[in-house]
Amino acid sequence: MVSVFSAGGRAGVWEVPEEIRVITLFGATDLDFSNARFTAKVTRVELFCLFGAVDIFVPGNVSTTVKTFCAFGAVENKVPATEDPDAPRLIVEGLVLFGAADAKIKRTVKERLLEFAYTIRAMFVDLSF
């Protein structure tokens with residue numbers, strides 16, 4: 001996948017190959033594995049991101065490891081660890097310069113609103129007058 005001064009990505013139902021190469025220059029790339037079918041036990045995402053952003057959405061049952069070098073940017077892995085030894089494994093490697101790469105779980109609008117409501121409720125419950 002190559003995105004130069006543009007946006008691109010993959011989503012929906014699709015078969016994931018063993019290796020995916022992502023090049024993002026002054027653009028954005030979204031990889032959504034939420035409805036994907038993993039064809040291999042281990043999938044590698046090799047990325048190069050320069051002045052861009054790469055967002056990787058992973059279902060909760062996939063073990064995700066992010067091993068990238070980042071300079072003047074940000075790389076985050078917000079996917080909780082899974083203890084299932086039979087779970088597919090996603091390894092993200094590469095280089096991020098003046099950009100961002102995030103691995104996270106894609107949540108529905110309802111899930112995000114419920115989390116927000118619980119946060120607000122906790123703020124009022126913890127107040128003592």
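Which residue in S5 does Arg-10 stand opposite? The answer is given in point 3, after the basis of the model and its overall make-up.

1. Basis. This is a predicted model, in which local features need pLDDT of at least 70 and side-chain atom pairs count only at pLDDT 80 or more, while totals for chains, interfaces and linings use all residues. Residues are numbered from 1 along each chain as its sequence is written, and side-chain values use heavy atoms, with hydrogens and water left out.

2. Elements and extent. The protein has one helix and 12 strands; these are DSSP runs numbered from the N terminus, helices being H or I of at least four residues and strands E of at least two. Read from the N terminus, the order is β-β-β-β-β-β-β-β-β-β-β-β-α. The C-alpha trace spans about 55 × 35 × 25 Å along its principal axes.

3. Strand pairing. Two strands pair if DSSP finds at least two bridges between them. Strand S2 (residues 7–10) runs parallel to strand S5 (residues 28–32), and four bridges join them. In this pairing, Arg-10 stands opposite Leu-31 in S5. S5 is also parallel to strand S8 (residues 53–57), to which five bridges join it. Here Ala-28 stands opposite Ala-53 in S8.

4. Cysteines. With a disulfide taken as a pair of cysteine sulfur atoms within 2.5 Å, the count comes to zero. Cys-49 is in no disulfide, and the nearest cysteine sulfur, that of Cys-70, is 8.7 Å away.

5. Burial. The classes are buried (under 20% relative accessible area), exposed (over 50%) and partly exposed (in between), computed with a 1.4 Å probe on protein chains only. Cys-49 is buried, at a relative accessible area of 0%, whereas Cys-70, at 28%, counts as partly exposed. Of the 129 residues of the protein, 29% count as buried.

6. Contacts. A contact means heavy atoms within 4.5 Å. Among contacts between residues at least 6 apart in sequence, 69% join residues at least 24 apart.

7. Surface and charge. By the Shrake-Rupley method with a 1.4 Å probe, the accessible surface of the protein comes to about 8,100 Å², with 59% belonging to carbon and sulfur atoms. The mean positions of the 14 positive and 16 negative charges are 3 Å apart. Lys and Arg count as positive and Asp and Glu as negative, without His and the chain ends; each charge is placed at NZ of Lys, CZ of Arg, CG of Asp or CD of Glu.
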